[in-house]
Amino acid sequence: MKISLFIPCLVDQFAPQTGMAVVNVLERLGHEVHYDDHQTCCGQALFNSGFRDEATSLAERFVRLFGDGEVIVAPSGSCVNMVQGHYGEVGLTGEALRTWEAMRERTYEFSTFLVEKLGVTDVGATFPHTVSLHNSCHFLHGVCRSNLPDNYRELLTNVDGLTLVEEPVKSECCGFGGAFSAKYPELSKSIARRRIDQLALGEAEFITGVDDSCLMHMQGAIDRRGGSQRTIHLARILDAS
């Protein structure tokens, strides 16, 4: 399968190792990965802040670049939610709208692509650590595919040496929310502190998830507290050996 790789702008600027891990895993599974370096932001930040014209422009650009892709895969549930769902609200018209309608079901978050499209739940990874799982709320509540947390959990339980800590609160927000963290920084930090307390149960060494935005925000809260936990994207665990 030829896979068109979409790397969100936050991953590009702050967590490029996540993108490389996705490429490594997909190529190890025998697929061809194509990265178009003309790609930019999906437009989510502008859309959420009310800049609809600018968001529409980026949506049109995304559709032009990825519209012919056999499948489009991104290591971000939040950005996939934007493309799959909110592109229908930004004002696409004509050919751009028709192309988006045809491509939206070919656009996948990385873990969903592995489990639901490829039928792969064991990628041969080894990660001898204790890990807790954060479900990013944009993806969990926005993308209308099947049991998303079960996808993460199934992939993680098949990683050799990994111990998954099941914490009782499965869907609490980390407090990032993109522009929310800038507009309401103290509230955002308070929510992050609450979330890392929940995810610290069972003395997990790592917190994982499918959005580096959430993970980066929680890592900041951990560091300010002087904690020892580290956050790590699911793709990097699946690439570990």
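These exercises work through the fold and salt bridges of a predicted model.

**Exercise 1.** Determine what the radius of gyration says about the chain.

Solution.
- Step 1: a compact globule of 241 residues would have a radius of gyration near 18 Å.
- Step 2: the chain has 17 Å, which agrees with that value.
- Step 3: as for extent, the C-alpha atoms fill a box of roughly 55 × 45 × 30 Å along the principal axes.
- Step 4: 53% of the residues count as buried.

**Exercise 2.** State which parts of the chain the salt bridge between R28 and D239 ties together.

Solution.
- Step 1: the side chains of R28 and D239 meet in a salt bridge, with an N to O distance of 3.6 Å.
- Step 2: R28 belongs to helix 2 (residues 16-28) and D239 to helix 13 (residues 234-239), so the pair joins parts that are 211 residues apart in sequence.
- Step 3: R28 has a relative accessible area of 41% and is partly exposed; D239, at 22%, is partly exposed.

**Exercise 3.** Find where the partners of the salt bridges K189 with E186 and D197 with R225 lie.

Solution.
- Step 1: the closest N and O atoms of K189 and E186 are 3.9 Å apart.
- Step 2: both K189 and E186 sit in helix 11 (residues 185-199), three residues apart, or about one turn of the helix.
- Step 3: for D197 and R225 the closest N and O atoms are 2.4 Å apart.
- Step 4: D197 is in helix 11 and R225 in helix 12 (residues 212-225), 28 residues apart, so this pair links distant parts of the chain.

Conventions. Residues numbered from 1 in each chain as written. Predicted model: local features only at pLDDT ≥ 70, side-chain atom pairs only at ≥ 80, totals over all residues. Heavy atoms only, no water. Rg over C-alpha atoms; globule rule 2.2 N^0.38 Å. Buried < 20%, exposed > 50% of the residue type's maximum accessible area, 1.4 Å probe, protein only. Salt bridge = Lys/Arg side-chain N within 4 Å of Asp/Glu carboxyl O. Helix = DSSP H or I, 4+ residues; strand = E, 2+ residues; numbered from the N terminus.
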